[in-house]
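Take a first look at the model below. Then read on for its ligand shell, its domains and its helix contacts.

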Amino acid sequence: MKKKIAIIGAGPGGLASAMLLLSMDYDVAIYEKEAAVGGRTGRFLLGDYIFDIGPTFLMLPQYMEEIFRLSGKNIHDYVEITPLDPLYKLRFADGTEFFPSPDMNKTLAEIKRAFPGEAENYLKLRHDEQYRFNRIEQCFKRPYDSFFDFLRPVFLEALPQMDIHNSLQGRLEKYFTNEKMRLAMTFQTKYIGMSPWRAPSAYSLISFIEHKWGIHHVTGGLNQLTLAMAKVVEEYGGKIHTSAKVKGILTRGKQATGIVLEDGREIDADYVIINADFSYAMSNFLKDRRKKYTDADLKRREYSCSTFMLYLGVNKQYNIPHHNLIFGEHFKAYMDEITMTRQPSPASLVYIHNPAVTDTTLAPKGKSPIYILVPVPNNKTSIDWDKLKPEFRRQVLDFVAANTEIKDIEQYIEEEKMITPQDWQRDFNVYNGAVFNLNHDLNQMFYFRPHNRSEELANCYIAGGGTHPGSGLPNLCISSVITAELLIRDDTGNHRWSFDNKIYL
Ligand SMILES: Cc1cc2nc3c(=O)[nH]c(=O)nc-3n(C[C@H](O)[C@H](O)[C@H](O)COP(=O)(O)OP(=O)(O)OC[C@H]3O[C@@H](n4cnc5c(N)ncnc54)[C@H](O)[C@@H]3O)c2cc1C
């Protein structure tokens with residue numbers, strides 16, 4: 001008889017784990033509280049417009065390809081993936097603009113134009129980062145169940161490359177004299193909700209990854225990835241129960257034995273995988289059965305920033321690139337406020353997504369779905385977003401009008417949705433509204449991040465941004481393979497996707 005697995009949440013972490021385990025002949029059922037799959041990588045349909053809820057940058061698409069391949073499928077049978085050139089537009093407060101490209105020669109020409117004197121430094125950084133990437137990547141692709149995992153050769157070899165005493169900005173100061181050039185290679189910590197002045201120097205690999213392998217779009221939006229995953233799950237006979245909110249995990253002694261839904265139904269399972277936000281799941285599903293991740297422990301941990309979101313369906317098309325990042329004056333001070341003193345400001349960094357320039361499937365001809373994201377403090381603050389949001393929205397649109405070609409958007413808005421940190425917490429069950437999960441400080445990474453095999457219960461596993469290796473779609477792919485591998489190993493004693501010497505992804 002097939003072993004039964006219950007997965008809580010149909011985000012990319014839950015769906016990828018389901019695909020892998022179904023391909024290994026397990027009986028998998030997913031329980032998702034929403035009416036649709038995808039979680040933060042889902043979509044909003046507003047009138048004639050389609051919006052990605054969260055992710056718009058697909059990096060390292062080879063990881064996603066690998067999830068499908070390991071599950072016996074070809075991702076290209078399900079979605080169309082297109083590299084973007086330029087990667088994005090960066091606009092600095094003094095008006096300088098920079099358009100990096102996946103083509104190194106084009107990027108070098110751009111650097112010579114925008115940041116004279118830095119091209120040689122860029123080449124040196126690219127060379128050094130390739131060396132670091134080759135070592136550090138392997139460290140992310142294995143579980144950290146034991147402190148002794150730090151003593152494995154793969155980690156010891158990478159350790160000097162992690163430059164652990166340096167922050168990301170500190171590292172880049174060794175390469176570039178121009179502050180804007182440094183920012184162009186460090187602002188990417190926004191993707192994990194951290195300030196470049198605080199993020200570990202290992203995160204310089206994000207800009208390396210972008211510049212080397214590019215940023216990709218999926219026709220129909222990145223939400224199509226989770227829809228494709230759900231299709232694979234169903235093709236394998238897996239069940240996805242939507243509008244099925246989980247209330248708790250059933251246990252016998254220290255072992256997970258199933259789940260209980262909000263409507264009282266109990267579902268037995270041999271194994272449980274938690275994909276819902278880690279800290280939310282610990283405090284809601286395990287209640288007083290926790291030893292490590294108690295309420296007090298979760299409270300004292302550091303969390304990423306949150307985001308303020310505007311999704312605007314507009315009866316107009318703007319001649320701006322697909323991805324636009326606009327830096328406010330005193331970006332550093334604002335980033336510190338977001339992550340330290342916790343004051344929101346629209347003039348920190350504003351990201352504008354304008355996918356209509358690449359993809360005609362997201363809105364009727366001549367119209368466009370404009371998505372605006374501002375990093376803001378998480379709900380550890382006592383900001384009353386329900387009260388603040390109309391004023392903050394106005395400030396954001398004023399900032400956009402002052403710094404971009406989008407000057408008149410108000411009069412073209414046909415559909416609109418706003419999400420604040422309070423909404424992330426209330427509607428998406430994201431602890432503290434910290435959408436990029438637990439912070440990615442070194443003291444919350446690897447062994448120090450919640451493990452993929454639950455530390456609270458036997459037969460229980462975690463897949464998603466709150467566990468190792470962290471937030472973002474490439475990390476989620478790794479997390480899902482590790483989780484599936486550990487479960488299979490515990491169940492059968494066999495390795496499926498090896499960890500030590502062999503790259504499995
Ligand atoms: C605004 C934003 C922009 C982002 N941009 C990017 C990007 O460009 N590129 C990138 O790679 N990453 C990006 N990310 C990060 C990425 O979206 C996340 O890392 C990823 O979606 C998290 O996936 P997950 O599977 O861990 O969790 P989720 O996607 O949150 O999935 C968890 C699921 O659990 C469900 N759930 C919660 N509680 C319950 C319950 N009680 N019962 C049943 N189900 C429940 C939720 O409804 C959800 O479907 C972005 C995130 C945000 C928010």
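Predicted model: local features only at pLDDT ≥ 70, side-chain atom pairs only at ≥ 80, totals over all residues.

Residues are numbered from 1 along each chain as its sequence is written.

**The ligand shell**

How many residues surround the ligand? The shell has 33 residues, and the closest are Gly9, Gly11, Gly39, Gly54 and Gly464. A residue counts as near a molecule or strand if its C-beta atom, placed from the backbone, lies within 6 Å of it.

Helix H1 gives the largest share of the shell, three residues. H1 and helix H15 (473-492) each supply at least two. Helices (H or I, at least four residues) and strands (E, at least two) are DSSP runs, numbered from the N terminus.

**The domains**

The chain is assigned domain 1 (4-80 + 220-300 + 437-492), domain 2 (85-214) and domain 3 (305-431). Such bounds come from an automatic or database domain assignment. Where does the ligand lie? Domain 1 and domain 3 both give residues to the shell around the ligand, so the ligand lies between them.

Now turn to domain 2. Contact links 19 residues of domain 1 with 17 residues of domain 2. Two residues are in contact if their C-beta atoms, placed from the backbone, lie within 7 Å. On the domain 1 side that touches domain 2, nine residues are nonpolar, eight polar and two charged.

**Helix packing**

Axes are lines fitted to C-alpha atoms, for helices over the stretch in contact, and angles run from 0 to 180 degrees between N-to-C directions.

| Helix pair | Angle | Axis distance |
|---|---|---|
| H1 (residues 12-22) and H9 (residues 223-235) | about 30° | 9 Å apart |
| H1 and H15 | about 40° | 9 Å apart |
| H4 (residues 119-140) and H8 (residues 204-213) | roughly 105° | within 10 Å |

Angles under 35 degrees count as roughly parallel, over 145 as roughly antiparallel, 65 to 115 as roughly perpendicular and the rest as oblique.

Start with H1 and H9. The pair packs at about 30°, which makes H1 roughly parallel to H9. Their crossing is left-handed. A crossing is left-handed if the near helix is turned anticlockwise from the far one by less than a right angle, and right-handed if clockwise. From H1, Pro12, Leu15, Ala16, Ala18, Met19 and Leu22 meet Leu225, Thr226, Met229, Ala230, Val232 and Val233 in H9. That contact has 11 nonpolar residues, one polar and no charged.

Next, H1 and H15. The angle is about 40°, which makes H1 oblique to H15. This crossing is right-handed. Among the residues that meet here are Pro12, Gly13 and Ala16 in H1, and Leu473, Leu476 and Cys477 in H15. The contact holds 10 nonpolar residues, five polar and no charged.

Last, H4 and H8. These cross at roughly 105°, so H4 is roughly perpendicular to H8. Arg126, Glu129, Arg132, Phe133 and Ile136 of H4 make the contact with Ser204, Leu205 and Phe208 of H8. Four of the contact residues are nonpolar, one is polar and three are charged.

**Backbone details**

Most residues other than glycine have a negative phi, and most peptide bonds are trans. Which bonds and residues depart from this pattern? The peptide bond from Asp85 to Pro86 is cis, with omega near 5°. Pro86 sits in the loop between strand S5 (81-83) and strand S6 (89-91). His468 and Pro469 are also joined by a cis peptide bond, with omega about 0°. Pro469 is in the loop between strand S19 (460-462) and H15. Leu60 has a positive phi, near 45°. Leu60 lies in the loop between strand S4 (49-52) and helix H2 (61-70).

Notes
Nonpolar A, V, L, I, M, F, W, Y, C, P; charged D, E, K, R; others polar.
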